[in-house]
Every structure is written in structure tokens, then in C-alpha cells.
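I opened my notebook today to get to know a new structure, one look-up at a time. Come along and check each entry against the picture.

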Amino acid sequence: MDNSWYILGAGALGSLYAAFLASAGADVTIVERSTNRQGKPNGGRLAPERKFSVASSVDAINRAFSINTSQADNHSEIKHLLVATKSYDAVAAVSSVRHRLTRTSDVVLMSNGSGYQHQIAKAVSEPRYFYCLSTEGANWRSANALIHAGSGKSRLGGVDHTHPAEWFPFWERAIPGASWEDDIESALWMKLVINAAINPISALGGVQNGELTSDPALSTKVANLCAELSALTGASAYPQLAGDLESEVRKVIAGTASNRSSMLQDIEAGRPTEIDFINGYVSAEARRLEIPTPLNDALVGAIVELESTTNGKREIEANPK
Ligand code: KPL
């Protein structure tokens, strides 16, 4: 079986998965794009390899890596692609390798949030699509030193097909905590609302996830937001998830207590956040289902406002769903 994996979006999480897959014997390549998300040249020459070290409690990846790179506009076929870009960049990223994808290619989407998946499938319809919902924690200590901050789970599933992919047994060996979900769409909704409850409140407060429980005022905010998200979930295609929503959110807060959420990290780094694909998507669903979500909607506005003070300008469009 072909065991090559291409990675689009080699940030902290993409590089962690590159390390897992390479350690287990896959032929891993990081895809480099010649233009950035505004279509401007990235500049510089492509290095033939990306070198980085990983500090992890998982022995297999606690070492140095040298991963091959490939320009997106190269022509060799891509059989397996893992997309770990920011959600607002995912459509452009997959489109940049469209000419390398065929009907026998498998694409695993791992970016946060919802809405972008359907945009990709519309823009690039050839491959089969899968989701990987990851709760792994990773961040860069320096440009080439990756810290595997928290061992999490990787829940995988197929879009419109329930059987495990042929490559899944390899992932199961390569990635601790990888599991197959027959109903990945409901798991994706749960992950969406968990991110909607945690990310903007932690980013606005500038706090680690754990403070969303230990600080009484923040904890009340989380509870009120969970009540809204739970009412929306009750009216969604996944009403069975509504009852457990707050306890699931609290479990994730406890399990990631010392994490800084990805939204907080984006704000701190002056990057655009994924608010449009998380709480923005929730607001769009709430409008469609006619469920009021004033707290969620206010958080979207507050994060957009905060981005404009940290970013200078907002470069992404409102959720186009
Ligand atoms: O996925 C996350 C994120 O930060 O985006 C959580 C689960 C909230 C962990 O920080």
C-alpha cells in the first residue's frame, strides 16, 4: 500500500503529525506554497528539507526530524494529504494542490471550526474527504524546536462513508490515541461547540483554559454560553448532544487546564483568529435555525474588535457560509 503522506500547513500541530507519521515509517513530505494567503510571494528559496526537533513524552517522536518538502505547484500525484492550516486558509491551501489530487486521493481535514470543509469539497471535488478532530497540544519553543505539550486524542472519520480508511490501521499504530468514529459529523459539531465555549472567553480574558473554571466570573460566562449552545444543539441535527454539552466543555477545560487556547495564541501572535469558522459559524447556524444566541454573537464582535487592535487590520472575510 502507498504509505506517502503530504502535509499542508506545517505549523505546530501539522509538524507534530508529520513527526508521528514519519516515525512510524511513512514517507512524509511537507508542502510549501510559493504565495501566502493574500497571494503575495512567500519569498526565499525552498529548502529541500524542514528540520526540527520534538520534545515529547512519547519516545518515538522525542528526537530530531528532517522532513522532505515539495512545492505546491510540483506535478507529482498526492495520494494522502493532511490539511493542518488555519481554517481561513484551508480552501486556498487545498486549491493550490488541486492539480495533484485525483479520485483516488484521500484528504484528511484537521483545521478547527466548521464551514470551510464544505467550501473545500465544492472547490476541489475529486478526492475523498476525512476529518481528524485532534486534541493534541503542541507549540514552538523556537523556530525549529517543537514541544508536544499535551497528549490528546485524534478522532478520525469519513465524510459520507463510515468504513475505516485503508490507511487507518497505520494511523492507529503511528498516533497514540487515534480512533475511528462512524459518526464523525456529530463529533465535529461537539468539537465546534467546545471550541466556541472555550476559545473566545479565554482569548478575551488572556487566560489559560483552566481559569475558565477557577475564576468564578469566567466560569459563569462559560455556563451562560453553554446554555445558549445547548439550546442551539437541541435544534440542530445532533439534539442528543445537548444534555451533555456543559459537562463535556468542563471536561475539556480540565484536560487542557494549562493550555493557552489556539485563539489566545493567535491574538498574542497578532494573527487573524478562526472566529468566523467557530463562533461565526455558530451564529450563522443559530440564524438559520432561529435560535437566539446573543452571548455568542457578542463574542464574535468582541474578538473581531480585539483582532483589529492586535492585527492592525482584518484580512479575512466574514463567514461566507
Ligand atoms: O482546541 C482547542 C483550542 O485551543 O483550539 C482547545 C480544545 C480549546 C484546547 O485549547
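This is a predicted model: local features need pLDDT of at least 70, side-chain atom pairs count only at pLDDT 80 or more; totals for chains, interfaces and linings use all residues.

Below are my entries, in the order I made them.

Entry 1: I then looked up the domains and found that the protein chain is divided into domain 1 (4-182) and domain 2 (186-311). Their C-alpha centres lie 25 Å apart. For the contact between them, I wrote down 16 residues from domain 1 and 16 residues from domain 2.

Entry 2: In what order do the strands of the open sheet stand? I traced 11 strands and read the order as 8-9-3-4-2-1-5-6-7-10-11, with mixed pairing. Strand 8 (137-142) and strand 11 (178-180) stand at the edges, and each has a single partner strand, so one side of each is left without a neighbour in the sheet.

Entry 3: I picked strand 2 (residues 27-32) and strand 4 (residues 64-71), which pair in the parallel sense over four bridges.

**Entry 4: a helix on the strands.** I turned to helix 5 (residues 184-205), which lies across strand 7 (128-134) and strand 10 (154-158). Helix 5 runs at about 40° to strand 7.

**Entry 5: aromatic rings.** How many aromatic pairs does the structure hold? I found 12. In one of them, the rings of phenylalanine 52 and tryptophan 140 have their centres 6.0 Å apart and their planes at 90°, so I logged the pair as edge-to-face. Phenylalanine 52 lies in strand 3 (residues 49-55) and tryptophan 140 in strand 8, so this pair ties together parts that are 88 residues apart in sequence. Are the two partners buried or exposed? Phenylalanine 52 is buried, at a relative accessible area of 4%, whereas tryptophan 140 is partly exposed at 32% relative accessibility.

I then looked up phenylalanine 130 and tryptophan 167, whose ring centres are 5.2 Å apart with planes at 75°, so this pair is edge-to-face too. Phenylalanine 130 sits in strand 7, and tryptophan 167 in the loop between strand 10 and helix 4 (168-174), so the pair ties together parts 37 residues apart in sequence. Phenylalanine 130 is buried at 0% relative accessibility, and tryptophan 167 is buried at 1%. Both belong to a cluster linked by ring pairs, which I listed as Trp5, Tyr17, Phe20, Phe130, Trp167, Phe168, Trp171 and Trp180.

**Entry 6: helix 10.** Why did I call helix 10 (residues 279-289) largely enclosed by the rest of the structure? Eight of its 11 residues are buried, and buried means under 20% relative accessible area. Those residues are Asn279, Gly280, Tyr281, Val282, Ser283, Ala284, Glu285 and Ala286. Just after helix 10, I found glutamate 290 with a positive phi of about 55°.

Entry 7: I finished with asparagine 296, which lies in helix 11 (residues 294-311). Asparagine 296 is buried, with a relative accessible area of 0%. What does its side chain make a polar contact with? I found the side chain of asparagine 279, at 2.8 Å. Leaving out residues up to four places away in sequence, asparagine 296 touches Leu225, Glu228, Asn279, Val282 and Ser283.

Notes: Residues are numbered from 1 along each chain as its sequence is written. Side-chain values use heavy atoms; hydrogens and water are left out. Two strands pair if DSSP finds at least two bridges between them. Helices (H or I, at least four residues) and strands (E, at least two) are DSSP runs, numbered from the N terminus. Contact means heavy atoms within 4.5 Å. Axes are lines fitted to C-alpha atoms, for helices over the stretch in contact, and angles run from 0 to 180 degrees between N-to-C directions. Buried means under 20% relative accessible area, exposed over 50%, partly exposed in between (1.4 Å probe, protein chains only). A polar contact is a pair of N or O atoms within 3.5 Å; within protein, one must be able to donate a hydrogen and the other to accept it, and residues adjacent in sequence count only if both atoms are side-chain atoms. Rings of Phe, Tyr and Trp (its six-membered ring) pair if their centres lie within 6.5 Å; planes under 30 degrees apart count as stacked, over 60 as edge-to-face and the rest as tilted. Domain bounds come from an automatic or database domain assignment.
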